[in-house]
Amino acid sequence: MKQRDQWSSKIGFVLAAAGSAIGLGAIWKFPYMAGTNGGSIFLLLFIICTIAIGLPILLAEFVIGRMGQADAVTSLKRLAPGKKWPLIGWIGLAISFILLSFYSVVGGWILSYLTRAIFLNLDATNHGDLFNTIIANPVEVLFAQAVFMGLTIWIVQSGIKGGIERASRWMMPLLFIFFIILAIRSLTLDGAMEGVRFLFVPDWSLLTGSTFLVALGQAFFSLSVGVTAMMTYASYLPKEEKLGQSAMNVALLNITISILAGLVIFPAVFALGHSPAEGPGLIFVILPAIFSQIPFGNVFMIIFFILMLFATLTSSIAMLEIVVSTGIREKRDRRKRASWVFGILIFIVGIPSALSFGVLSDVKVFGGSIFDFADTLTSKIGMPLGALLVSIFAGYVLTKSQTDDELRMHPVMNSLWKFLVRYAAPVAIIVIFIVWIIELYNAS
């Protein structure tokens, strides 16, 4: 068997894994979820859930991936021969396929905004109308989606060292640098401190069970657990690297970027008299409007959407890598062809989602758009289900000696991880499922 590709360094792995986790979860979804769920209380619960629940499952995926030294399906076959556990890998592959099919649509929106910011003067633009115009234009959304998928395929086809690691090595540091610049600019606005208080000074009256559950769901989404992306990435990790330290670094980077996103957005929102509870439009509607009202706003808008593009690409390449890795198994000579074949298929599957705000806007699936259905199927069903199965496999199927040998942490930390992955994580995920089902029932 040929030597499996490996990351050239620990920092390359951590940056790639962090890039996969961060994506739109930290930059797009976290600010509007925090804005509509109490700000500082949501941030506090999000941090707790990330460390206590998300991190153990992230580490479980690392353990399984490096033990198996293959794609998720093959790794699970090797660790539990003759059992049904490889189903986790197939579920992860299906989730990644569907997730990237509509995720690439959002990537296309970002490209549309970035192109306009560079070549057109958006200062006088009504950004609400602009957003609606873009997402309803079938030619533009499909072309932008195709370009975004082309960028993703181009990176993944080059492999681990030549493509994914190289891209992450420069995209992630630039992500931090640009965010710090934007945060400084936002914090220097008159009235910005009101946004800082919203993000960091808790209003304990907003502490509710619902807020806790939303924060828990955000922790899973932002860490990309449950889609086997981290399992796949860890399979390329050398045996001498410490998994616990790498997992903690990924979680802390994710939390840091989320906080930086809040420091970019909320001070500006409050300084310029907008509401933090604008929902998903906070990025695509409110922020461009804010940038148009400040000196050098168009420059900062360009920087911001470059940031968004970087973050989205680091996640999209992880999703495509899951599909490609499973498709080629250990046959690295097939990577380029597989990247293009699977990438084009994902683009085709994503066409209905891309058109669901325009020519297919009248088509409803369970009361929502095609885009909404794909989002619900992955983030509210697929990812929690995948995370639940991963935690059960790592907690009950793998023996203590197997996991201890792979983790190589202090015995107390090994035991704590085993407890969290066996009991705390599964219970939390099941509660999310139950609450979501109750919400659906009440809504009907």
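Helices here are DSSP runs of H or I with at least four residues, numbered from the N terminus. The model shown is predicted, so local features need pLDDT of at least 70, side-chain atom pairs count only at pLDDT 80 or more, and totals for linings use all residues. Residues are numbered from 1 along each chain, and side-chain values use heavy atoms, without hydrogens or water.

**View 1. The largest pocket and its lining.** A pocket is an open set of points on a 1 Å grid over the protein atoms alone, where a 1.4 Å probe fits, with protein on both sides within 12 Å along at least five of seven lines; lining residues have an atom within 4 Å of a point. Of the 30 lining residues, K29, Y32, M33, S379 and K380 lie nearest the centre. Which helix gives the largest share of the lining? That is α15, with 8 residues. Helices supplying at least two residues each include α1 (10-35) and α17 (411-443).

**View 2. S356 in its loop.** Look between α14 (335-354) and α15 (370-397) to find S356. With 2% relative accessibility, S356 counts as buried (under 20% relative accessible area, with a 1.4 Å probe and protein chains only). Leaving out residues up to four places away in sequence, S356 touches S361, S369, I370 and F371 (heavy atoms within 4.5 Å). The S356 side chain also reaches the backbone oxygen of S353 at 2.7 Å.

**View 3. W154 on helix α6.** Helix α6 spans residues 138-156 and holds W154. Here W154 is exposed, at 56% relative accessible area (the cut-off is over 50%). The C-alpha atoms of W154 and W340 are 8.4 Å apart, although 186 residues separate them along the chain.

Definitions and conventions:
A polar contact is a pair of N or O atoms within 3.5 Å; within protein, one must be able to donate a hydrogen and the other to accept it, and residues adjacent in sequence count only if both atoms are side-chain atoms.
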